[in-house]
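This report describes selected features of the model shown below.

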Amino acid sequence: MTTQVTTGLKVRKSVDLTIDGQAVTALEGATLLEVCRANGKEIPTLCYGDTITPKNACRVCMVELEGSRTLVPSCSRKVEPGMNVKTDTERTRHSRRLVLELLGSSVDLSLTKNVDKWNDNYGANPSRFGAPSFHHDDRDDAVTGHHHQPDGKTAETVHQPVKIDNALYVRDYSKCILCYQCVDACGEQWQNTFAIATAGRGFDARISTEFAVDLTDSACVYCGNCIQVCPTGALMFTSEFEMREAGTWRENDQTQTDTICPFCGVGCSLTLHVQDNEIVKVTSPSDHSVTHGNLCIKGRFGFQHVQNTKPTD
Amino acid sequence: MDLKIASASASAEERDAVDSLLGAAPETFQGGDRNLEGLRVARGGESLRQLRHLLLPTLHQVNDRVGHISRGAINYISQRLDVAPAEIYGVATFYALFDTKERPATQVHVCVDLACRAMSGCKENDLPDGAVASPCLGACERAPAVLVIETGVNVRSELLAPASRQQISQLVAGKHAPDEQPISHGAPQTPNRDLVLLSRIGVVDPRSIDDYIANNGFAALKKALKIGPEQVLTEVTNSGLVGRGGAAFPTGRKWAAVAAQPVKTRYLICNADESEPGTFKDRVLLEGDPFALVESMVIAAFATQCHHGYIYLRGEYPRAMRNITNAVEISRQKNFLGSNILGSGFDFDITIFKGAGAYICGEETAIFNSIEGYRGEPRNKPPFPVEVGLFGKPTVVNNVETLFNILPIINDSGEKYSAWGSTGSKGKKLFCVSGAVEKPGVYEVTFGATLRDLIHLAGGVKRGSKLQAVLLGGAAGGYVGPDELDLELTLEAARQAGTTLGSGVIMVLDESVDMVDQLQRIAAFFRDESCGQCVPCRVGTVRQQEALARLVESSGTDRAKIDLQLLRDLGQVMRDASICGLGQTAHNAIDSALTRLKVFST
């Protein structure tokens, strides 16, 4: 049976499909992930963010679709009538386990949410590829189409020194899973600044400014929208980074207070993260219909005056 | 766009190289002379951004002129095309033929891939000083091969094979590269007018349209224009022709899908980014019979009503580039291309697009991104190219060999063509036979010939050699053992035997070849060529290579069992969860070596 639902001015048809043997109705244009989650299916996601068009790069959300030779990414595959989808099969579990192992063995996922839970859930053991190798710190100089020969012992990682080149935020690409969200937020999907892009190829692919110049020499406008979308803590407020280094970052003791940015008339929503009565970072609600989590440099970083302390230089 | 350009500025040479393609910079904001009027007005916006498809050609211009792509050059290109420097850097570092660091004016790329290393070519770690390792250069029949690019105002590149170590060292030292050998080297069956796809190879002068016309050239086009697009489509559908690039998709179905699109702006792309290790058929066709490609493209465009086409040719084929460029230009002059072709009212033209060293750009959606001036990363499917392809429009992507088959289909009929071959594989097929045979080269056969027939055609296994294995279909294909020579080389028989014909590679390996070394090369190849977009392929290809490196040491021990299981696990996730065919097939050959040839088993 086909029914029509009117949302605003758009008429969206409903689509009937089957998920794990259960008949399900979804709205046309919905993704499999949305439908699965709405129906109580637990599907892990890593590169997926709610304000950016899915790049379906991490491949942890794969589900089995009848008639498809390969698994399909639920985050970006749209529902079609008659689809028969399975979310929890040997193949999907295998893919999720391997993706967690591949990322876990090459990237620092210590600040990525839910990873421990999923590793348990899927029996992932990232250490089975050998001890992580930290000897190649020259990722910005990688030569396309060439690589370091494996030593037959260690597992190569994306480890490299933290980039600290400005007072507002740091870039720790050892934690980068290449979800492309920062690039899309900086570029055509939100900010239209294009200060960063993906450079290099294959395992040497990395997020970079042109010629890996410091952010201060790049087109960066310090809106921090890349920090907002980063799912792994690779991009981080300097305030948070320094507190973590000093061991004083206590997320559980922090409060979050929503307020309106005082700087201009747009009135963006801010969420102030406060620890010990000090603002330690600022985010913006991603479901806000105007800002979608985006701010400018003032809303994102201009909070020192609230605390009336001397800004760091 | 609000570009932020750092202080580095392009040299006069770099500017000249860019301007040679884009014209002189028109105004201040596009990098032109500073003047008061120019500073007050910024033109550009949408119209300027629509030039992004010129990015890769512009990078080629700079690289050809000065040998690398500097910060200043990127800044200038950024102003000219209104693309941010970070994005241009991202594109430039995607391609192996470009370098963003200064390097010598002459670049010597030495093939270290499967066929060349099997024929005592160089390996990554024993290259002469100054030479650079390259993946397969597609000159496997004359292995080992080397590509020389002498940059400068009169840029010159030559694909030389066979090349000795001494010759490579001389080239690095600055010795001028000699011209390439004649084309007939690539196809030992030629000259032979009875052949269907190779009938003109070694017969006609590939640079002469008169010669082409005198040898039945453009007859199929004239017939096609007479019978109309629907009838052409019917003939192609009836022929049973399937794509020859490796995926074997029915050509008629692809064409019909595009022809049925409501959108009228459509594109035709000839995929000549032939980079599968061991494959060189498209090179031989393009070098020896380039007008035939122009003719078949016009017919394909006519059937699908496309008005613009691209030939995406890999950057490592200099002579193919010269010959097809010449063929397109002359065909345009003679009205076989352009508007109102031969008075039919049909308009169609071709742009030749040069790749820059990226196997992945042969993937049908990566090719779109590459042409559009983005990193050559494959797109997610659906939507499929027949609906949303190049510049978001319906697009037909056909391999060179596939298009060559159109001529006999139209000259005779689809029905007659489908009489050739087996039940499931129709027509003529080219195979690239390389390695330890007497006469390596491209061979044309009717579908149904066995592997033994092909090796026999190529003069048999080299005298004094004992057959160890045959690689079918390239690095993305699979190995078969010496006991499987009776395998019928049809799509259905290959499928049934659990292997693939892929792009038609038949690489014959004798007992002198170190199979473990071959497998390690395959693993290295996929690692180098992965675009890096999805996790299974980006990290999986690295872990696969590492597991093989461990197996060299641990073969026969308990650790080996763990690593073999690990390889199987990696193979499955790459096959199941990679975005495109590269990752999906990156374990195939290794898997076949482990299971069919029992490499690493004790």
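Strand S11 (residues 467-472) and strand S13 (residues 505-510) of chain B run antiparallel and are joined by five bridges. Within this pair, B:Ala469 lies opposite B:Leu509 of S13(B). The model is predicted: local features need pLDDT of at least 70, side-chain atom pairs count only at pLDDT 80 or more, and totals for chains, interfaces and linings use all residues. Residues are numbered from 1 along each chain as its sequence is written, and chains are lettered from A and ligands numbered from 1 in the order in which they are written.

The order S10-S9-S13-S11-S12 (chain B) defines an open sheet of five strands with mixed pairing; strands are DSSP runs (E, at least two residues), and two of them pair if DSSP finds at least two bridges between them. Strand S10 (441-446) and strand S12 (478-480) of chain B each have a single partner strand, so one side of each is left without a neighbour in the sheet.

**Strand S3 and its partners**

Strand S3 (residues 146-150) of chain B has four of its five residues buried (20 or more other C-beta atoms within 10 Å of the residue's own, C-beta atoms being placed from the backbone). Five bridges join S3(B) to strand S1 (residues 106-111) of chain B, antiparallel, and five join S3(B) to strand S4 (residues 156-160) of chain B, also antiparallel. B:Val146 has B:Leu160 as its bridge partner in S4(B).

**Contact between chains**

In chain B, 47 residues are in contact with 48 residues of chain A (C-beta atoms, placed from the backbone, within 7 Å). H23(B) gives the most to this side of chain B, with 13 residues; helices are DSSP runs (H or I) of at least four residues.

Definitions and conventions. Two residues are in contact if their C-beta atoms, placed from the backbone, lie within 7 Å. A residue is buried if 20 or more other C-beta atoms lie within 10 Å of its own, exposed if 12 or fewer, and partly exposed in between; C-beta atoms are placed from the backbone.
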